[in-house]
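This briefing covers the overall fold, an annotated domain and a ligand site.

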Amino acid sequence: MSDIDITGVKIDGLKVACIGAGYVGGPTMAVIAMKCPTVTVTVLDISEERIAAWNDEDLDNLPVYEPGLAAVVAETRGRNLFFSTDVEGAVAAADIVFVSVNTPTKLHGVGKGRAADVKNLEACARTIARVSSSNKIIVEKSTVPIKTAETIRRVLEANKRPGCEFSVLSNPEFLAEGTAVDDLFEPSRVLIGGEDKPAGRTAVAQLAAVYNNWVARERIITTNLWSSELSKLVANAFLAQRISSINSISALCERTGADVSEVARAVGSDHRIGPNFLKASLGFGGSCFQKDILNLVYLAERFGLPEVAAYWEQVIAMNEWQKRRFAEGMVSSMFNSVSGKRIALLGFAFKKDTADVRETAAAYVSKFLLEERAHLRVYDPKVRLPAMLSELDYTCGVTPENCPDLATRFVSCASALEACDGADALAVMTEWDEFASIDFEAAFAAMRKPAFVFDGRNVLDHAKLRAIGFQVYVIGKPTSPSATVM
Ligand code: UDX
Ligand code: ADP
């Protein structure tokens with residue numbers, strides 16, 4: 001499938017619809033609309049609230065925060081980019097329908113806790129088949145288990161109107177939150193998988209031509225459907241594996257006196273290894289890594305490959321251990337008890353430059369410290385209290401019912417200094433740039449002594465903090481001999 005010729009393929013006047021106006025669908029469609037002004041793009045969702053937010057005149061209220069996104073929406077919205085809840089109408093009129101709905105890990109039944117739940121995708125396929133009276137290209141954009149395209153194809157085939165043909169493509173998203181717009185402007189690659197038969201090849205060429213309006217042809221990789229679907233899972237598994245690898249070494253650094261940043265630099269300078277994704281942290285989060293690896297593990301088990309499943313499962317086990325190790329280190333450093341102590345958590349998002357909290361390590365650390373009866377004061381530049389509480393509940397099972405005094409022991413603050421007021425410790429959960437310029441002298445003055453710093457992201461100036469008087473603990477760095485765990 002590497003020989004698809006797109007010369008002469010026209011995109012002018014194409015109508016594109018996208019079902020799912022989330023972190024992936026919203027930014028991706030906004031950039032397609034910007035880069036392809038002759039294409040009409042309609043982004044659809046069942047959530048009226050979400051669509052209203054995308055249509056809000058105040059661009060600060062867009063449902064997804066991404067640097068650069070507001071400018072793209074400002075340029076395109078109302079010109080050739082539209083947000084609507086009229087799923088049926090827009091799908092019926094479209095030539096290409098992207099499906100970009102959420103596929104969370106199953107919470108029940110076969111594959112519970114591992115397999116991705118594709119019920120939203122199936123629902124979309126049924127809607128598309130029901131309302132379509134013209135041929136369409138259906139593009140699977142959600143992260144899905146391998147062979148999902150086959151599921152979609154079969155649902156479409158079984159329900160389509162006579163004379164109506166569908167080609168199903170896989171076009172996985174590789175954008176990272178916080179850099180989504182840049183990643184879309186200049187993707188490392190665009191991957192398009194399709195069926196190796198004439199209609200499939202024509203559909204691949206059509207979608208490739210859309211991307212080719214701003215992406216060089218050699219960066220558009222065309223494959224068969226299964227390779228495309230599997231590549232998405234494998235790319236995320238490889239990235240996560242690098243983080244778990246360096247995190248495992250961070251523990252060894254703390255015991256031996258090596259410095260994990262120095263080790264990462266020395267190791268990453270080998271061009272065969274490369275420098276990226278070697279930052280030790282308190283653990284990776286985000287909606288993709290854990291889910292995609294669990295998916296890979298489930299697939300391997302289903303296809304009778306327990307050794308493959310066990311190999312990848314270890315990437316997640318190491319991540320769980322790292323989160324627990326960080327939280328346990330905080331408690332043991334603070335004289336084995338944080339009961340009744342105030343702890344300032346700086347950052348709650350799973351990484352900087354996003355308000356997304358899905359699977360954030362901060363929620364795990366919060367749960368651990370709440371169980372130890374600490375009082376948490378959380379400051380995040382972009383995340384508000386309801387999102388924090390919802391993630392604590394959804395992923396960690398912490399609710400007002402099972403966590404005594406949650407409302408008073410988990411408080412959101414308006415600034416880092418407010419969070420530090422009267423605290424015994426501050427702990428960096430997210431690597432927001434602004435944390436480097438906190439007035440740490442003022443924070444120190446307002447904190448109880450000894451005042452502890454736990455840098456879960458390795459972003460603060462540790463020598464300066466020690467000079468101020470803080471007890472400083474950093475992932476993967478030599479710490480004072482009194483540190484028992486960290
Ligand atoms: C990821 C993939 O990068 C992207 O290609 C895919 O489409 C979706 O999943 P995302 O989850 O947005 O993107 O964020 P990413 O930058 O990959 O970070 C994931 C987690 O790993 C974050 O919690 C981040 O803080 C952590 N991380 C990343 C580290 O701990 N160390 C690193 O060196 C890099
Ligand atoms: P992602 O990170 O994959 O983009 P999100 O949860 O941010 O995931 O977005 C997925 C969107 O898909 C949500 O806004 C949700 O309301 C929408 N959605 C889910 N199922 C359907 C459906 N059957 N029809 C329309 N929209 C849907």
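By class, how many nonpolar, polar and charged residues are in the shell around ligand 2? The shell has 6 nonpolar, 5 polar and 3 charged residues; Ala, Val, Leu, Ile, Met, Phe, Trp, Tyr, Cys and Pro count as nonpolar, Asp, Glu, Lys and Arg as charged, and the others, Gly among them, as polar.

This is a predicted model, in which local features need pLDDT of at least 70 and side-chain atom pairs pLDDT 80 or more, while totals for chains, interfaces and linings use all residues. Residues are numbered from 1 along each chain as its sequence is written, chains are lettered from A and ligands numbered from 1 in the order written, and side-chain values use heavy atoms, without hydrogens or water.

**Ligand 2**
- Around ligand 2 are 14 residues (a heavy atom within 4 Å), of which Tyr23, Val24, Asp45, Arg50 and Arg358 come nearest.
- Polar contacts (pairs of N or O atoms within 3.5 Å) include one of 3.1 Å between a polar backbone atom of Tyr23 and a ligand oxygen.
- A backbone N or O atom of Val24 lies 2.9 Å from an oxygen of ligand 2, and one of Ile46 lies 3.4 Å from a ligand nitrogen.
- The protein covers 84% of the 580 Å² of accessible area (Shrake-Rupley, 1.4 Å probe) that ligand 2 has on its own.

**Fold**
- The chain has 18 helices (DSSP H or I, at least four residues) and 14 strands (E, at least two).
- Buried residues (under 20% relative accessible area, 1.4 Å probe, protein chains only) make up 54% of the 486 residues.
- The C-alpha atoms fill a box of roughly 75 × 50 × 40 Å along the principal axes.

**Annotated domain**
- An unreviewed UniProt entry places "domain: UDP-glucose/GDP-mannose dehydrogenase C-terminal" at residues 344-462; such annotations may be inferred rather than shown by experiment.
- Residues 344-462 are 34% helix and 16% strand, with the end C-alpha atoms 17 Å apart.

Note on methods
A polar contact is a pair of N or O atoms within 3.5 Å; within protein, one must be able to donate a hydrogen and the other to accept it, and residues adjacent in sequence count only if both atoms are side-chain atoms. Buried means under 20% relative accessible area, exposed over 50%, partly exposed in between (1.4 Å probe, protein chains only).
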